[in-house]
Every structure is written in structure tokens, then in C-alpha cells.
Amino acid sequence: MLGAALAVAVVVVVALPFLREPTPDSDALHELDAAERERLEAEEARDRALAALKELEADHRAGRISDEDYRAVVGVLRRDAAEALRELDRVRAMPRGGTRTESAKSA
Amino acid sequence: MPNAAGVGHPPSARRLVSRLSVMARSSSPARLVVALSVAAVLAVFLLYTSLAGGGTPSVSPSELAAKTGEVSLAGRVVGTPTGDAHGAGLKFVLEDIKGANKQRVTVVYKGSVPDLFRVGRDVVVTGTQRADGTFVTKPGSMITKCPSKYQAAKT
Amino acid sequence: MAELGRAALVITLGLSAYALVAGAAAAALGRRRLALSARNALIASFFSTLVAAAVLVAGFLRDDFSLAYVAGHSSRALPFAYKLSAFWGGQEGSLLLWLLVLTGYSALAVWFARKRARDLVVWVTPVLGGIAVGFSWLLVGVSSPFDTIPAPADGNGLNPSLQNPYMVAHPVLLYLGYVGLAVPFAFAMGALLSGRMDERWIVATRRWTIVAWTALGVGQLLGAHWAYQEVGWGGYYAWDPVENAALMPWLAATAYLHSVMIQEKRGMLRVWNVTLVSLAFCLSLFGTFLTRSGVVSSIHSFTQSAIGPWFLAFIVVAVVFSVTMIWLRLPQLRTTARLESLVSREATFLYNNLLLVALCLTILWGTAWPIVSEAVRGEAVVVGRPYYDFFLRIFGLPLLLLMGIGPLVAWRRASLRGLARVFAWPAAVAAATGVALIAFGAGSSIPGLIAYTFSAFVLATIALEFSRGTAARRALTGESVPTAFSRLVGRNRRRYGGYVVHASVVLLAIGVAGSSAYDSVVEGKLARGESLAVGGYTLTYRNLTEKDAANATEIRAVLDVRRGGDSLGTIKAGKNAYSVEQQVSNEVGIRSDKLTGEDLFVIAEQVNDDGTVFFRIFVKPLVNLIWLAGLVFVLGSVITLWPDAREERRLATRYATVGERRERTATT
């Protein structure tokens, strides 16, 4: 008896999305198109580059990295960050739904 | 610890690292490091197992006759144990756990006896068989198998 | 009631199968409502499993011995807490617990990720559903907890060795750990299936992984403590296959936790990470298989059971599936980021990973070799302690050292001169400690001495990090020391929480080294009035007591303890004879020294009829550091897990477009 009640309950729960929207405007799953995916990856690359710079500064301030080591690496990181920001701007400026050929992107 | 640089006078750490760094810039150092490490681990592993052996063979009483040297004997305790494990030695008989052709062997054991030891339980002892047929164990090498905490014995 | 339990499990099986099939179809065809339906099925499967679990708990609490499982693991006299813990005292109940935790985690995982990783969740649902199908099938078709028998008057009772608080908590924590690894695995597979190789799967599962890893670690420490106190042979880890079964996924998960940080910072090692998380999950399945199927004889050995082949098939499916998916997505996983220098933080993490995986695989080999050997050569072998000890030292000691080196090396590349400067002081501390220890006699064990010296090095680097960080903060903000310290940790929870966890591992290493490399033991038969001396203590056997407790007869030998002329009171050791279960258990006497952390450990091996007792007495230095390490470990994990409002806001903005923005009506 209780088992039957449980079975009915779960069937309702499972059917809920269909019961709530018997005739939806769109049943398409929102998937990221190529442009959105690129933007996401570009944002992640930017966050990574900026975080690396921030960590270098913090390490240098705390004395973990010497001045000369800092000087050796900071140029590279700043360049990476600038590149990531440029890439992000470019992707943002692109029209929606546009595709582009794959080419070497910043890591 | 094995010296990865090999024999001969080791170069200074600086030169070694810079040499490897040159290698690193041209190819993928990560792959090189991984390959070297895997090789090192395998070498250590093979060295160890060839020297120390891959393990003691695990046998039942019926298989005992065929083996020489130290073995791990697994069997079921039958009969009544006599003697004192902390004295002259605990004497008991082990029988094959499975199989149609069950044989028995007398075991003399010294050392700690696990609480679960009793007649009818399966135990494992490590030792060697003497010329007269008794199995003499390494002290303290007895392990008993827990009566199934998780599953009733399916006989 | 049994019918309700069986029905609930069948419903779970149906829901999981639906989540698998409909979820996969929805993801492949891009059907939104079907995807939501599959997700609902996964969430509902938790509730139906909960009903089944509730039925079983009710069976235990009502002494319903018509349930074969209850009759087999409980009795009328069993105390309340153990009637509850008897739930997981046997195979069927343990599987049900596994399924309960799995469905619970699955429901939470897909619910929490719905806003930020919707397109990922559609693929995660069928993977989690698939795992649930495996376990619910076992419970429905192969090994059901709801088999009924004609009810006997009383049950068989619970194995006495399980009747203590440790055995109540240990299996639950282990399962929270084992099953917890399924979530990052499912997200990794989801990412591979969907082709979404961005960081979201890692971000979404970071906390899950840490929680699972912490639970698995603490569960193992509890198990070790149980073995130490209850089984009482004088040790806490026997390299038993069932113990290794939990250690292997933990090592893989540790490696994964570290290498994931590299992917976060540099975008590298993506293939390695998905491989590691799959390895960790497959090892946790393998671990469950080892513990349940009786395939490897061990102290915990269980008779060969019917679920063995199913489990093996399950593991094969998981391995084949992961390998296939990784292979298919290999092109998308590769990145251009390269390891720039062998002296960099990335490289150190790589070495750490290699050592952890090497240790994990050697343990796997040692555990599986008996099975393989029997299958291939027809001859079973037993791998002994020396094998494991050797590899633990070879891989573990360098790992210990790396824990101190890694956090201080810069990313990308570090100069040797810079490193020499940074490590000068900790290295000096370590060297001084080493020399002092040799003077105190620690040279008797070289691995022990090395472990101590490396531990000193790591602790020095951690102390240095905290002090340097606080000083840098104060230079910037002028705060007081306590404020600067707490703000420092608060702003960098992952880093400093990680340091606390490292400190706990160091404590563990010191405790293990002390109690195994520098312990002393003495044994002998004593008559009343006779003494034994060990490690500075003198123990004199006074008398034997016998007492009848609730379900056992307790026999204790009482000894006086003296050290250097001072009396330290008495210590009792003996045995308990359990009436219902017809078993005898060892009850050791332990005296922990609060100051030095050492234990005086007394085993009454044999109580003879003439009143003489054969004793085995250990002195174990520093062993209590191991248990302290567990507490510090939890503290460190809590710090790293603590939510960071700024980080959350940043991630929310980043992932805003990936959430459910096409909501017109509430479709949850």
C-alpha cells in the first residue's frame, strides 16, 4: 500500500516538467554556442592571468620571491594578462552566434 | 636512495638543472620527467621483488608436500589443541578448507594466539615443514579470519 | 514492512534507470523538459532509498527478526546505538548505506550545480544514474536486505568487535568518502561527454572532493584507532587488503587535489586530472569490491559471495567508460601550456603526484598480486609487511620533504639562488633537529631519523609562511598581530588551510615514525607479584578480577605501574567473554602520557588457570600525535572549505550566462 503510494508520488515528480509545461515555446536545451563557450574560456584565461599576477605580487611582498626572480617573471605575467584581456575584448565584441576558425589562443 | 645521475662524480646542481632546462625548452619536460620517474619506480620495484621475493606462497595442507622453504599455510583447525603457545608451543592440526581430498598436518606454534582462534576456524600461519612432517611456524605469525561480519558462511 | 522496503528499492532502481536513459537521451538530443525530468528522477531516487533505509532501521529498532538481516546482526540485548549501527554491520546493509549516500550526494550535486553548470548537469545526471543503477540492482536482484525468514526468538547479535563507538562512525565516514569521489568523477565524465572542457567541472566539484577526501581520511584514522584499541595487537595498521582498499583511493584523491590546482592556475594537466579522478573513483569501487566480495583473504575476510562477479563487471564498465571518454576527447583536452622549468611549483606538484601515484600503485600491486598470482600461476602468494614498509619509506619520505618545498617555490620558474635563500632557515632548523635527535639516540633507526628531520623542515617552513604572511600584512595595513593573522588566513583560506592540513600530515608522520621506529616491547609470563620492565616503566602484576557485565564476562589482570620510582597508578588488561555471540575479545590496557604523547600498551595474551598471565607490553613513543593529527586535519579542511564571499561573487558573474536564464516560469 505504502509502496504503491510511493510509486505514484515518484511518477508525478518525474512527470512534473511535462505537466507544468505541456506546450512550451521551446523545448531546446540551452547549450552554450561556440561564441559563448569562447567567452567563457577567455574569461577563465583572464582570471587565471590576473590571479597569477596578484599571487606574484603577494609572494614578492611577503619575501618569498627575491627582487631579481620577481623582475624575471613579472614581465611575462603582465604580457599574459594583457593578451588575455585583449582576447576577452575581442570575443565580447564579436556578434552573437558567430563562429571563427580555431587558432592558437592564450592558455 | 638511488642517485638518478648515475655513477661518476655528480655535476653541480646548477649545471644539471640548466642542462635539463635546455632540454625542457626544446621538448616537453613533463613527459621526460614522467618517463624517467616511471622507469625509476619500475627499477626500484623490480630490484626489491627480485631480492626480497614477491611474497610467500600460500598453500593448503594437501599442497604442503610439494613445497620447500617458507610458506604461508592456510587451513581449518580440527581436533583439540594442546600445549602452551607461550611455553613449549601450541600443537594443533590443520585440515584443508576446501577440496575433496582433505589432508591434515600437525602445527607447532609459538607466539601470540589471536582471540578468534578456536576449533573450526580458518587460520593462516607462516613457517616451514620439518622432515618429520610437523609444520613449525614463525613466532607470532598466526592470522585468523574473522567469522564473516558481513555474510553468513555459505557452506 | 519488508514489502515496502523491497518496493522502495525497486522504485530506486527504476528511477536510476530512468535518470540514466532519459538523462542521456535528453543530453544527446537537447531536450530541456526531459533533462529536468531525469534530474527529478535522480533526486527522487534519494527519497525512495531513504524509505528503504527507514524500513530497515525500523526493523532493527523493533527487533523484527522476521527480517533475515536483522536476525543476523542484532539481538534483543543489543544497546540502542549498536542496533542502529548494525544497519551497516553486514553486506546488504552496507550496500544500502552506499546507495543512500550516493543518491543523497547525487541529489545535492545536481541541485547545487543547476545555476552555474546547467549544460554540464544534463550529462552528469545519466552518469550518476548509471552508478545508482549498479548498486540498486545489486540490492534488488542479488543481495537484498529485506529477505524474510520465520522469525527466531532472538537474533544472532552483533559481532563484539563492532560494538564500540569507532565502528559506529568508521564505516559511515568511509562511505561518505568513497561515494563522495563519485561526484567529481561524474562531473569529469559529464564534461568529457558534453565536450565542455572549461573549468566549471572542477570549480563545481572542488568542495565535494575535499569533503570526500577528508571523510575518507578521518574514517581511516578512526579505523586505525579502533584497531589499536580494540583489536589490540599493538599496532594500528596491518596493510590488510581491506585497509589498503581505503588508502588507495585516498592517495589518488590527494594527488588529484594537488594537480587540480595546477589546472586552475596554469590550465595544464587536463588529461592527467580526468585520469586521476577516474582512477580515484575506480579505486573506491575496487575498494568496496575488495571489502565485500571475499576475493582476497584477509583478517577481514568474508566468504566468497554472489556480488563479487557483479562488482568486478561494474568496475570493468567504469574503467572502460572512463578510458574511452578520455581517449575520445584527447584533442580537446590538450593545451599549449608547457612546463617551463623543472624547478617550479608546477614541477613540484608533478613530483608529488608521481610519488603519490607510485605509492598507490605499489599498494595496489601488493593487494592484487595474490589474486593475479593465483589466476595466472595457480599459486597464491601472500605479500608481507616488509614490502609495504619499504615502499612507504621510499615514496613517503620524499613526499614529506616535498610538502615543505612545494608551497615556497614560485610558479613557472624559480631560481636556485632564490630557493636557497628561502629554504636556508628551515634547512638549518632541520639540520639542528637532526643533530639533536642523534644525540638523544634517534640514530637507531635511519628512516625514523629522516622522518623526524624532514618533519622539522616542513614545520619550519609552515611556521615561516604564517609569520611572513602576517608580517607582510602588518607592513601594509598596520594591524595588530592577531588581527593581521586572522585576516591573513581569512583572505587566503585555501592556502593557509592547506598549510594546516600539511601540518597535520607532519604530525601523523612524526607519530608513525615514533611509534614504529622507536618503540620497545617486552613479554613474559608473570605470577602474582612478579614484574616486567620496559622503556623506563616497571609493571607488577597484582591480581585477577572477574566481573559480569550486560552481555559479557570481563576478566582483568591488574598491574601496578611505576616509572623512575614514582607510582603511576594501575593499569588493567584482559579479555571479555561474550555470552550470546560465543566469542572472546582482547581488551588491552593503555596508559597515555599527556606530556610526551607516548603510550604504555599492555596485552594480557593468555590467562592461565593457575592465575599466571602471559603479558606482552609495548611502549609506543609519540603515538598519540597520530590521533591529534586527525583533529588538525579536520581543522585544516574546514578552513579550506569555508565559503569565501568574494570568490563566490566572482564565480557568479563569470558563470551568469550559463545558468538558467531562460526561465519564464519556475521550472525547477
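Which residue in β6(C) does T553(C) stand opposite?

1. **Strand pair.** T553(C) stands opposite A577(C) in β6(C). Strands β5 (residues 552-563) and β6 (residues 566-578) of chain C pair in the antiparallel sense over 11 bridges. Two strands pair if DSSP finds at least two bridges between them. Strands (E, at least two residues) and helices (H or I, at least four) are DSSP runs, numbered from the N terminus.

2. **Basis.** This is a predicted model: local features need pLDDT of at least 70, side-chain atom pairs count only at pLDDT 80 or more, and totals for chains, interfaces and linings use all residues. Residues are numbered from 1 along each chain as its sequence is written, while chains are lettered from A and ligands numbered from 1 in the order in which they are written.

3. **Sheet.** In chain C, five strands form an open antiparallel sheet, ordered β3-β4-β5-β6-β7. β3 (531-534) and β7 (583-587) of chain C are at the edges with a single partner strand each, so one side of each has no neighbour in the sheet.

4. **Chains A and C.** Here 38 residues of chain A are in contact with 46 residues of chain C. Contact means that C-beta atoms, placed from the backbone, lie within 7 Å. On the chain A side, the elements giving two or more residues are α1 (2-20), α2 (34-62) and α3 (67-93). α1(A) gives the most, with 12 residues.

5. **Helix pair.** R207(C) and H225(C) are among the residues of α9(C) that meet α20(C), where W627(C) is one of the partners. The two helices, α9(C) and α20(C), are roughly antiparallel, a label for angles over 145 degrees.

Notes. Parallel < 35°, antiparallel > 145°, perpendicular 65-115°, else oblique. Contact = placed C-beta atoms within 7 Å.
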